[in-house]
Amino acid sequence: MQALTREAMRQATRRYGTPLYLYDLARLEADAQAIRDAFPDPWLRLYALKANGLPGLLERLTGNGFGASAVSGGELLLARRAGFPTALTALEGVGKSTNDLGTAVAGVRAGSPLLWVSLESAEEAAVLARLMEAAGRREGRRSDRDEPRLDVLVRLNPQVRPETHLGLAVGAADSKFGVLTEELPEVIEAGGGVSGPLRWRGLHVHVGSQLGAVDAWRAAVRVGLRVLGLQRASLPDFDTLDCGSGFPVDHGLAGSVPSARLFAAAVHQELNELPEDVRPRRLAIEPGRAVVAGAGWLVASVLHVRSRERPIVVLDAGMTELIRPALYGAEHPLLALTSMGRAVEPASGVGQPAVMVRVDGPVCESTDRLGEAALPPLRRDDLVAIGVAGAYASSMASTYNGRPRPPEIAWDGVRLALLRRRGRI
Ligand SMILES: Cc1ncc(COP(=O)(O)O)c(C=O)c1O
């Protein structure tokens, strides 16, 4: 498969206009393969749909070694429609509505249970247990033995501070994510205890995203393994550790990032410290950005260039299409596809030297910035591509300022294909 070229990007803009999202399917395949290689079977690899739930991309992951991690009833539906088997789909949101939990219960009653629900609190456990019992009563239970049970994990707050941006860190004690170790008995009791409608299968940890080092991940896994081992005596089915995600993507800007293989090695080192009989029987990860981020581009047109001490380039894409820079200062690579109306190729040297510019979006917010980069001279209608935009770009997009959602296009090495049309006002 031929990788996405700048000419293919320009061609996409001629056909579909700007702004647009463009996905390089060869890159998606390579990044998914890197995750499979680092975490081979029997690891469970659950793709985190929140990173990008575009059906045309999800279809490339189903049946390709990935299950799904959904955070809401809506994402459960997306996963099902894309063809992820229900038995390989987990519900893991930090705050689940009664409707979301009801979807999980309905699956059990229909004989097609989810892989698991990851519980975030005693309240959530109690609601889920009540829903399960109510559904059992409606169906006229004969005995507890006939009653199907729902597999659950408990999301543990491992109380570690990961090496990432504060906005992407979720594993610290004061975060809203997960329960503290000492709260675990309360959650199990609220969910009906060992013989209630929930089957306690293990723990789930996730310290944050885009981790700059493996230390916090390793520390969280260690906490998870310790707590899992302690609970094993009283919970016979407690055999699973979902290690979450956090695998970073190289933005090609400053420094390098640890590979997925390094994260896997850290888990295996921790496991090797344990006697065989207390090791979890199932291990899972739930990568999002590592699978899709690198494959995606947001391509925009220049609207105007203001000459200031540092020139400001205003694009027709901004925080509505890619909110990460405004939300938590994320940095994305920026490159010019044309300069003063002429195509720019990596080796073309378009004549005039690049200068540092600030690249802003068109939205009425002063935080609507995409970053800074050295770019060749630009004028209205020149094209700028923003890289590493396959994750948390389209899935976090809004229509603020009456801006329709951009179309989403795939490049399969030969041709462009429309995966989602431009939205309507
Ligand atoms: C619980 C959980 N799992 C997985 C992910 C996916 O993380 P990433 O996209 O960094 O791989 C997230 C991201 O927010 C998450 O909160």
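In which loop is V388 found? Select V388 to begin: the residue lies in the loop between β17 (383-386) and β18 (408-411). Its phi is near 50 degrees, a positive value in a residue other than glycine. Most residues other than glycine have a negative phi, and most peptide bonds are trans. Helices (H or I, at least four residues) and strands (E, at least two) are DSSP runs, numbered from the N terminus.

The model is predicted: local features need pLDDT of at least 70, side-chain atom pairs count only at pLDDT 80 or more, and totals for chains, interfaces and linings use all residues. Residue numbers start from 1 along each chain as its sequence is written.

**Two cis bonds**

Go next to T18 and P19. The peptide bond from T18 to P19 is cis, with omega near -5 degrees, and P19 sits in the loop between α1 (6-16) and β1 (20-24). Then select D41 and P42, whose peptide bond is also cis, here with omega near 10 degrees. P42 belongs to the loop between α2 and β2 (44-48).

**Helix α9 and its partners**

Show α2 (residues 25-38) with α9 (residues 260-272): they pack at an angle of about 20 degrees, with their axes 9 Å apart. Axes are lines fitted to C-alpha atoms, for helices over the stretch in contact, and angles run from 0 to 180 degrees between N-to-C directions. α2 and α9 are therefore roughly parallel to each other; angles under 35 degrees count as roughly parallel, over 145 as roughly antiparallel, 65 to 115 as roughly perpendicular and the rest as oblique. To see the contact, select A34, I35 and A38 of α2 with A260, R261 and A264 of α9. Residues are in contact if their C-beta atoms, placed from the backbone, lie within 7 Å. By class, this contact of α2 with α9 has 5 nonpolar, no polar and 1 charged residues. Ala, Val, Leu, Ile, Met, Phe, Trp, Tyr, Cys and Pro count as nonpolar, Asp, Glu, Lys and Arg as charged, and the others, Gly among them, as polar.

α8 and α9 pack at about 35 degrees, with axes 10 Å apart, and their crossing is right-handed. W217, R218, V221, R222 and L225 of α8 meet F263, A266, V267 and E270 of α9. The contact of α8 with α9 divides into 6 nonpolar, no polar and 3 charged residues.

**Helices α5 and α6**

Select residues 98-109 (α5) and 122-138 (α6): the axes come within 10 Å and cross at roughly 45 degrees. That makes α5 oblique to α6. The crossing of α5 and α6 is right-handed. Among the contact residues are L101 and V105 of α5 and L128 and L131 of α6.

**Ligand shell and domains**

Around the ligand there are 17 residues, of which A48, S209, S245, G288 and R289 come nearest (a residue is near if its C-beta atom, placed from the backbone, lies within 6 Å). The shell holds 6 nonpolar, 8 polar and 3 charged residues.

Finally, colour domain 1 (93-285) and domain 2 (294-420); the bounds come from an automatic or database domain assignment. Their centres, taken over C-alpha atoms, are separated by 37 Å. Domain 1 gives 7 residues to the contact and domain 2 gives 8.

How values were computed. Contact = placed C-beta atoms within 7 Å. Left-handed = near helix turned anticlockwise from the far one by under 90°.
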